[in-house]
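Dear colleague,

Please find the structure below, handed over for your records. The findings follow directly after it.

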Amino acid sequence: MSGFVFSEKPIEIASGDGVYLTDTNGTEYLDFGASYACTPVGHCHPEVVDAATSQLEDLMYVQASYPHAARTALYEKLSAGGPGDIDNVWLCNSGTEANEAALKFARHATGREKIVATTQGFHGRTMGALATTWKQKYKQGFEPLAGGVEFVEYGDAGAMREAVDDETAAVILEPLQGEGGINPAPTDYLQAVREATEAAGAAMILDEIQTGLGRTGSLWAAERHDVVPDVLTTAKGLGSGLPIGATLCRDWIAEEAGNHGSTFSGGPVVSAAAGATLDVIEGESLSAHADEVGSYLRGEIESRLGDEIRDVRGDGLMVGIEVKRGSNRLIRDLAINHQILALPAGRTVLRLLPPLTIEREHADAVVDAIAEVIN
């Protein structure tokens with residue numbers, strides 16, 4: 001499978017440093033995609049590199065049956081940093097695995113089958129997570145998928161209350177949809193989901209694989225809505241690009257987690273990288289920085305582009321710009337003519353997910369480039 005084809009040949013990346021990537025021709029790109037939010041502290045942050053390298057020299061791998069310091073430290077950091085009383089942690093290798101675990105844990109804890117998901121939601125490409133993903137294009141050729149999934153309109157509290165009943169094991173949703181178009185959920189909607197699941201004895205699963213780790217201006221987007229779910233999933237940027245995911249659970253879910261495991265759960269090297277990533281996010285106050293620079297970025301987009309776009313939305317440094325024509329052409333032009341890397345979120349939405357370390361001058365450069373391309 002080839003990479004992003006912006007010209008006759010894909011851009012082949014050779015190195016990364018902070019908010020920049022450099023290709024094999026020596027061209028430097030301002031990275032406003034962060035490989036789908038996988039590098040929140042920037043490329044090759046020295047503290048993360050040092051932690052992973054040091055661990056690599058001591059112990060590359062040992063199965064999860066044997067404790068090791070890096071994994072234990074990561075458990076403690078995730079447990080302490082979870083919203084509310086979510087303090088049980090299971091580690092895996094990716095976001096879709098974290099969601100698979102969440103769905104399994106919820107069904108085992110409740111003894112029920114039904115899963116409620118939302119329109120435009122995206123939760124992964126394995127068979128269970130894919131069943132809760134909305135768009136048919138991801139499912140073609142793989143059905144039948146796991147059963148018992150019912151979809152309701154994202155943001156419709158009434159439809160959610162009607163769908164959640166005494167047969168429901170869990171509701172799974174994103175607090176701000178990524179692949180679906182950067183669609184934020186109102187606080188009263190998320191709180192209504194919380195109330196409905198509590199009343200029915202069902203689990204509320206918040207998929208924070210793209211929204212978590214400071215991206216929306218708090219360590220977890222749940223904190224911005226004063227909502228504590230039963231299960232929270234994270235991955236992508238947790239290991240600064242190394243493959244790791246986590247499922248955080250309340251006690252009533254964790255106690256009934258059942259027989260679930262993974263060979264590579266919390267390997268030493270990825271655990272060390274993840275622990276260092278969390279330390280950098282906290283130590284450099286990147287959540288607050290993302291909130292401040294993200295507000296500035298959205299404000300500049302609104303004031304500079306105005307009637308040239310349909311909408312700008314998001315939270316923190318998770319920003320969607322709905323354009324009047326296809327987003328792929330815009331992304332291509334930004335890369336080729338302005339050396340800026342961005343992402344799509346559907347046909348007409350330009351998605352900006354830069355490292356949380358960007359400054360205002362980087363935001364200005366991107367807004368200037370987008371304005372030039374659109375005009």
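I begin with Ser-262, which touches Trp-90, Asn-93 and Glu-97, not counting residues up to four places away in sequence; contact here means heavy atoms within 4.5 Å. Ser-262 is found in the loop between helix H9 (251-254) and helix H10 (268-283). Helices (H or I, at least four residues) and strands (E, at least two) are DSSP runs, numbered from the N terminus.

The model is predicted: local features need pLDDT of at least 70, side-chain atom pairs count only at pLDDT 80 or more, and totals for chains, interfaces and linings use all residues. Residues are numbered from 1 along each chain as its sequence is written, and side-chain values use heavy atoms, with hydrogens and water left out.

**Annotated positions and the largest pocket**

An unreviewed UniProt entry places the feature "binding site" at Arg-125 and Ser-262. UniProt positions are given in the numbering used here, feature names are shortened, and annotations may be inferred rather than shown by experiment. From this set, the lining of the largest pocket takes in Arg-125.

Arg-125 lies in the loop between strand E5 (114-118) and helix H5 (127-131). Arg-125 counts as exposed because its relative accessibility is 56%; buried means under 20% relative accessible area, exposed over 50%, and partly exposed in between (1.4 Å probe, protein chains only). Neighbours within four places in sequence aside, Arg-125 is in contact with Thr-96, Leu-130 and Tyr-138.

The largest pocket holds about 650 Å³ of space. Of the 33 residues that line the largest pocket, Tyr-36, Phe-122, Arg-125, Glu-179 and Lys-236 are the closest to its centre. On a 1 Å grid over the protein atoms alone, a pocket is an open set of points with protein on both sides within 12 Å along at least five of seven lines, while a cavity is a set of points where a 1.4 Å probe fits but cannot get out; lining residues have an atom within 4 Å of a point. Grid points are joined across faces, edges and corners, and a volume is the space filled by probe spheres set on the points.

Helix H4 (residues 95-110) gives the most to this lining, with three residues. The lining of the largest pocket divides into 12 nonpolar, 12 polar and nine charged residues. Ala, Val, Leu, Ile, Met, Phe, Trp, Tyr, Cys and Pro count as nonpolar, Asp, Glu, Lys and Arg as charged, and the others, Gly among them, as polar.

**The cavity**

The structure holds one cavity of 30 Å³ or more, and about 50 Å³ of space lies in the largest cavity. Residues lining the largest cavity include Ala-37, Pro-40, Ile-209, Lys-236 and Leu-356. The lining of the largest cavity is made up of five nonpolar, three polar and two charged residues.

**Cysteines**

A search of the whole structure finds zero disulfides, a disulfide being a pair of cysteine sulfur atoms within 2.5 Å. Cys-44 is in no disulfide, and the nearest cysteine sulfur, that of Cys-38, is 14 Å away. Cys-44 is exposed, with a relative accessible area of 54%. Cys-249, by contrast, counts as buried at 3% relative accessibility. The sulfur of Cys-249 is too far for a bond, because the closest cysteine sulfur, in Cys-92, is 11 Å away.

**A further loop residue**

Thr-216 lies in the loop between strand E10 (203-207) and helix H8 (221-224). Thr-216 is buried, with a relative accessible area of 1%.
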